[in-house]
Amino acid sequence: MTELRLEKIGARVLKEIDLTVPEGELFVLLGPSGAGKSTLLQVIAGLLAYEGRIFFNGDCIDRQPPHQRRVGYLFQDLLLFPHLTVRNNLLVAMAHLKLSRRERQERIRELMARLGIIPLAERYPVQMSGGEKQRAALARALATDPRILLLDEPFSSLDSESAGRLRAELKMHQRRLKITTIFVTHNWKEARQLADRLGAMNAGRLTDYPNPVSEFPKMPLQRRG
Amino acid sequence: MSDPKTMRYICLVPTGLLVLLIVGVLAGLSIQLPLSRTLDTLASAEIRSALRLTLLTSGAATIVAVILGVPAGYFLARNAFRGKLFIDTLIDLPMTMTPLVAGMGLLFVLSHESVRHTLDVLGIELLLSPYGAILAQVLIAAPIMTRTSRSAFAALDRRYEQAAQTLGLRPRQVFIRISLPMARPVLLSGMVLCWARAVGEFGATLMVAGATRFRTETLPIAVYLNMSSGELGLALVCAWLLIMTGFGVLLVMRWIGSPLWADGPPERIGA
């Protein structure tokens with residue numbers, strides 16, 4: 001269980017972002033394209049230089065390189081490694097964990113079973129459908145035993161039925177694992193379905209939305225440009 | 001102005017001329033080849049020695065070129081620094097230099113008193129030795145490997161490396177487990193090309209290693225030596241060995257093509 005705290009974060013379009021996501025919360029960041037949502041996730045993951053400070057459970061992680069932050073990052077394009085099967089994609093994600101070979105295999109089996117992808121274990125990404133790739137990528141992000149989960153519009157390329165099903169599954173896994181999560185989207189419906197709490201981002205600034213979820217305004221955010 | 005058919009004929013003429021030129025060269029070499037004595041010539045001690053030395057030196061040169069060229073290519077693809085354009089161009093230079101001139105430069109460096117002294121102390125014999133042939137081949141072939149690697153890594157979507165970092169992989173692990181395998185098809189092509197260049201290397205090898213029968217006599221050197229001494233049969237057999245090697249290399253490069261994981265359209269099985 002990890003609490004995430006951001007203090008006066010600035011990077012590219014981001015302007016003095018302050019945010020606290022309590023342990024186990026699913027925080028949805030809603031905003032139009034170009035608002036800086038993905039940039040904020042990259043900053044938390046350590047992939048972009050930034051000003052300000054980031055804390056995990058009160059410990060400043062600013063000096064930690066990306067590979068030490070233990071952040072599960074689900075990119076918009078998923079970025080499953082094309083030269084590896086699903087099983088090996090998961091194995092790569094566990095390379096840094098001090099586990100025996102047997103423990104790794106067990107953990108992979110458990111994760112694949114939880115996400116319903118056991119039959120896909122020996123497939124390459126090019127041999128899978130969009131929804132299957134989403135599940136495999138989520139399994140890979142979880143395989144790292146992350147402290148924080150960052151999801152960057154992972155369902156944007158799916159049809160609404162598949163996306164809805166995967167959102168429900170994601171919510172269920174997030175609840176069960178009690179993993180602190182930031183979910184980025186520009187889809188109002190998606191935000192309402194997932195969020196414990198919601199933040200709105202526009203032109204690099206983060207503003208609060210009325211919370212709890214039941215009090216969300218009915219109007220969706222306008223897409224910019 | 002011109003319909004597709006006319007355009008096809010216009011392009012066909014230069015294509016035909018090019019094919020004719022190459023076939024002409026091959027025919028010229030075939031006519032002179034003493035077919036009846038080819039097998040005997042192939043089995044001769046000199047040819048076997050030249051072939052063995054060529055394979056050994058080109059193999060070693062390719063390994064060194066890969067060890068130098070792949071990291072150099074990765075460095076150039078992933079880093080921006082002052083003077084990069086200059087360094088980049090400098091590394092490419094041996095590809096445009098006449099090998100004879102490159103070899104001449106290498107000869108002068110190796111002949112310099114301080115270099116010779118250092119090599120003597122270390123017990124390394126480069127001038128007029130097979131090791132010199134390897135060094136000459138590296139000089140000519142390594143830039144090909146560097147250039148190919150640079151292109152391969154530059155074309156690789158950097159976000160895969162970022163994704164690997166977020167999965168807990170250190171930069172070295174990212175390179176070995178992600179970047180290198182993803183760039184593998186292009187790197188393999190580069191390696192094959194590099195080896196072919198090393199096999200056919202003549203000018204720089206002649207300058208540094210000299211042309212001593214059974215000692216520094218690679219196949220191109222054997223062609224030169226035997227042409228000079230009027231042993232046309234031996235020279236032609238060596239020439240054909242080089243041509244067959246080149247043809248084989250081109251076939252392999254086409255065969256390497258795309259890897260399994262990039263083949264075909266995605267098989268949709270349902271979300």
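B:F108 sits in helix α5 (residues 99–111) of chain B; helices (H or I, at least four residues) and strands (E, at least two) are DSSP runs, numbered from the N terminus. The model is predicted, so local features need pLDDT of at least 70, side-chain atom pairs count only at pLDDT 80 or more, and totals for chains, interfaces and linings use all residues. Residues are numbered from 1 along each chain as its sequence is written, while chains are lettered from A and ligands numbered from 1 in the order in which they are written.

**Exercise 1.** Work out whether B:F108 is buried or exposed.

*Solution.* Start with the cut-offs: buried takes 20 or more other C-beta atoms within 10 Å of the residue's own, exposed 12 or fewer, and partly exposed is in between, with C-beta atoms placed from the backbone. Now count: B:F108 has 11 other C-beta atoms within 10 Å, so B:F108 is exposed.

**Exercise 2.** Find out how strand β8 (residues 180–185) of chain A is enclosed.

*Solution.* Step one: 6 of the 6 residues of β8(A) are buried, so the strand is largely enclosed by the rest of the structure. Step two, the faces: A:T180, A:I182 and A:V184 are buried on one side, and A:T181, A:F183 and A:T185 on the other. In a regular strand, side chains alternate between the two faces of the sheet.

**Exercise 3.** Which strands does β8(A) run parallel to?

*Solution.* Pairing takes at least two DSSP bridges between two strands. Strand β3 (residues 26–30) of chain A is joined to β8(A) by 5 bridges, in parallel, with A:L26 opposite A:T181. Strand β7 (residues 148–152) of chain A also runs parallel to β8(A), again through 5 bridges, and A:I148 stands opposite A:T180.
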